[in-house]
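Below are some notes for a colleague who is opening this model for the first time. Please read them with the structure on screen.

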Amino acid sequence: MTKALRVMEVVAADPRGVSARSIADELGLALPTTYHLLSTLIDSGYVVHLASEHRYALGYGVRRLDRGLHRQLAVEEDVAAAVRALHVEADAAAYYAVFREAGIVIAHVADSERRRRVQLLDVGFDESAHATAFGKVMLAGMDRDQLHGYLDGAGLAALTGATIVKRDLLERHLSHVREASVALEIGELQAGLSCMAAPVRSPGGDVIGSVAVSLPSPEFQARRWDIERAVRTGAGRVTRALRAAHRRAPSATVGS
């Protein structure tokens, strides 16, 4: 099963599809083993064979997995409404991220044709927390052991020339995020793009999530303070929505 999942990851990484030989070389597999794994994935609907191109691509069964992930990460309607309000007020794509076990994952996105999300940042995105504003907010909310454990597993990949890739520098940066209760990244995830985020907190004050927006860097710089006000307001709305949902939960349970 692990090998099959790794094959799917290689197939998914190339928008053109990929040959069996390339998959075998990438994963260090024997070619017969690769063909067997591909055959299993084709039978399951997760891979298709583009015979005329001698390549393999993702199959339509992957959509079932995607829909399932969206259902599992679905947020309360009041939370979704707060993220939509942030999208409108900031005139920018807006995101809500949460902890999922030890990971940091985007749970909801609000965007439009005018203000499209960053291509990478869709529901289920759980990578590069060190290079995203929403990720920095949540890393700053961890204690030292949690932070080190997360970074040991996730690493500090250099996505652009501006990405912070040294742990001591990141930790100093996160201390400023913690003090300011807002995080900013300019060109760290993607050149020419800026993001800002603020924390969503539990009733006890712990960071349990974050809201963020993304904009082209020149526009962000021109509207920086308006964006910060909108992001802080959005984080407050989501925090209040989650607390209201928590208060409703016991009565909903009794009535069920």
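1. This is a predicted model.

2. On to the pairing of β7 with β6: the two strands run antiparallel and share 9 bridges. Here leucine 193 is bridged to proline 216 in β7. β6 and β7 make a hairpin with 5 residues between them, and glycine 205 in the turn has a positive phi of about 95°.

3. Strand β6 (residues 193-201) also pairs with β5, in the antiparallel sense and over 4 bridges.

4. Taken together, 5 strands form an open sheet with antiparallel pairing, in the order β4-β3-β7-β6-β5. The edges are held by β4 (103-110) and β5 (183-186); each has a single partner strand, so one side of each lacks a neighbour in the sheet. On average, neighbouring strands are turned by 25° against each other, direction ignored.

5. What packs on the sheet? Helix α6 (residues 133-140) does, touching β3 (93-100), β4, β5, β6 and β7 (207-216). The direction of α6 makes about 155° with that of β7.

6. Is β7 mostly covered or mostly uncovered? Strand β7 is mostly covered, with 8 of its 10 residues buried.

Conventions: Residues numbered from 1 in each chain as written. Predicted model: local features only at pLDDT ≥ 70, side-chain atom pairs only at ≥ 80, totals over all residues. Heavy atoms only, no water. Pairing = 2+ DSSP bridges. Axes fitted to C-alpha atoms, helices over the stretch in contact; angles between N-to-C directions. Contact = heavy atoms within 4.5 Å. Buried < 20%, exposed > 50% of the residue type's maximum accessible area, 1.4 Å probe, protein only.
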